[in-house]
Amino acid sequence: MDEPLRVERFRHSYEVALEKEQARAGQQVLSKARSAIGTPYVRGGSGPGGFDCSGFVSWAYKSVGVTLPRTAREQSVVGERINKVEEMRAGDIVAFRHPRRGYHTGIYVGEGKFIHSPRRRSSVKISSLDDPYFSKTFLSARRVKLEADENLLAQAESRLTDYAEEKAVRELSVQKKAGKTRRSVTTRRASRSKTVQVAGKERSRRGAAVMSGKAAVSKTGQAKAVTAAKGKKARVSASRKSTSRKVAAHTVAKSKKSSGSKSRAKRS
């Protein structure tokens, strides 16, 4: 039982010592960075005559024997990721990303502040993480093992490759989902179009049937009208003939009566 306890105590004491060494190295990095306050921004600069953001961070870390990758994008992926401000420690790298301006890095000072070389026509200075611009573009802090001789450039290249592959997989997945959605929409549209066509044909068929029925009714009505007209004409003709016969009979009767009167008058 004593051996595991001794191992645990040794591990704990080693971690405490390592933590103290990390803190000491972080303070050394910060001290080096503070010495450059007021140095002008120079694009591509990485020396006392002028710095850009990543050149300034690389220069400060060289003071403790750590060689960082040169670009802010690479520096934003090295070491251990620290997301919470309350867990950040002086000397940690702070990384930012703007949609158009790209990556930016600095060195954490403590109490929510960091030191960096911001932009053209400015110089190395201390800013706050609470600044609206930086609070919106903040990615995370990165803690590099200052006592270890890690190949941070290879680490950055490996991680960026992994991120690129993961991004490609995500984009491919999104494209597949978008393709399925487009095919689904196309299928629904085709189905709706087919339904509309069938409905249109059905309406046309019904309209034709209605028109056919109307035409049949119209023909029947016309036939009845013609028959009625013929019947009326026949009745009128019969009535005229009857009237003519009556007039003729009356005329004959009148003529006979007149002839008999004349005959009697001659005899008398």
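Visitor: Which residues form one aromatic cluster?
Guide: This is a predicted model, in which local features need pLDDT of at least 70 and side-chain atom pairs pLDDT 80 or more, while totals for chains, interfaces and linings use all residues. Residues are numbered from 1 along each chain as its sequence is written, and side-chain values use heavy atoms, without hydrogens or water. Rings of Phe, Tyr and Trp (its six-membered ring) pair if their centres lie within 6.5 Å. One aromatic cluster is formed by F96, F114, Y133, F134 and F138.

Visitor: How many aromatic pairs are there, and is the pair of F56 and W59 stacked or edge-to-face?
Guide: The pairing rule gives a count of eight aromatic pairs. Planes under 30 degrees apart count as stacked, over 60 as edge-to-face and the rest as tilted. F56 and W59 have ring centres 6.5 Å apart and planes at 25 degrees, so this pair is stacked.

Visitor: In which helix do F56 and W59 lie?
Guide: Helices (H or I, at least four residues) and strands (E, at least two) are DSSP runs, numbered from the N terminus. F56 and W59 are three residues apart, about one turn of the helix. Both lie in helix α2.

Visitor: Are F56 and W59 buried or exposed?
Guide: Buried means under 20% relative accessible area, exposed over 50%, and partly exposed in between (1.4 Å probe, protein chains only). F56 has a value of 0%. W59 has 17%, so W59 also counts as buried.

Visitor: What angle separates the planes of F114 and F134?
Guide: F114 is buried at 0% relative accessibility, and F134 is buried at 11%. Their rings form an edge-to-face pair, 5.1 Å centre to centre. The angle between the planes is 85 degrees.

Visitor: How many residues apart in sequence are the parts that the F114 and F134 pair ties together?
Guide: F114 sits in strand β6, and F134 sits in helix α4. The pair therefore links parts whose separation in sequence is 20 residues.

Visitor: Which side chain joins H116 in a polar contact of 2.8 Å?
Guide: H116 lies in strand β6 (residues 113-116) and is buried, with a relative accessible area of 0%. Its neighbours include F56, H104, K125 and F134, leaving out residues up to four places away in sequence; contact means heavy atoms within 4.5 Å. A polar contact is a pair of N or O atoms within 3.5 Å; within protein, one must be able to donate a hydrogen and the other to accept it, and residues adjacent in sequence count only if both atoms are side-chain atoms. At 2.8 Å, the partner of H116 is S127.

Visitor: What is the phi of E111?
Guide: Most residues other than glycine have a negative phi. E111 is in the loop between β5 and β6 and is exposed, at 77% relative accessible area. Its phi is positive, near 55 degrees.

Visitor: Where is R121 found?
Guide: R121 is not a glycine, yet has a positive phi of about 60 degrees. R121 is exposed, at 80% relative accessible area. Its place is the loop between β6 and β7.

Visitor: What is the volume of the largest cavity?
Guide: On a 1 Å grid over the protein atoms alone, a cavity is a set of points where a 1.4 Å probe fits but cannot get out, and lining residues have an atom within 4 Å of a point. Grid points are joined across faces, edges and corners, and a volume is the space filled by probe spheres set on the points. The structure has one cavity of 30 Å³ or more. The largest cavity has a volume of about 60 Å³.

Visitor: Which residues are the closest to the centre of the largest pocket?
Guide: A pocket is an open set of points with protein on both sides within 12 Å along at least five of seven lines. The largest pocket has a volume of about 730 Å³. Of its 24 lining residues, the closest to the centre are Y41, R101, H104, P118 and R119.

Visitor: Which element gives the most to the lining of the second largest pocket?
Guide: This pocket has a volume of about 470 Å³. Its lining holds 15 residues, with V77, R97, Y103, L160 and Y163 nearest the centre. The top contributor, with six residues, is α5.
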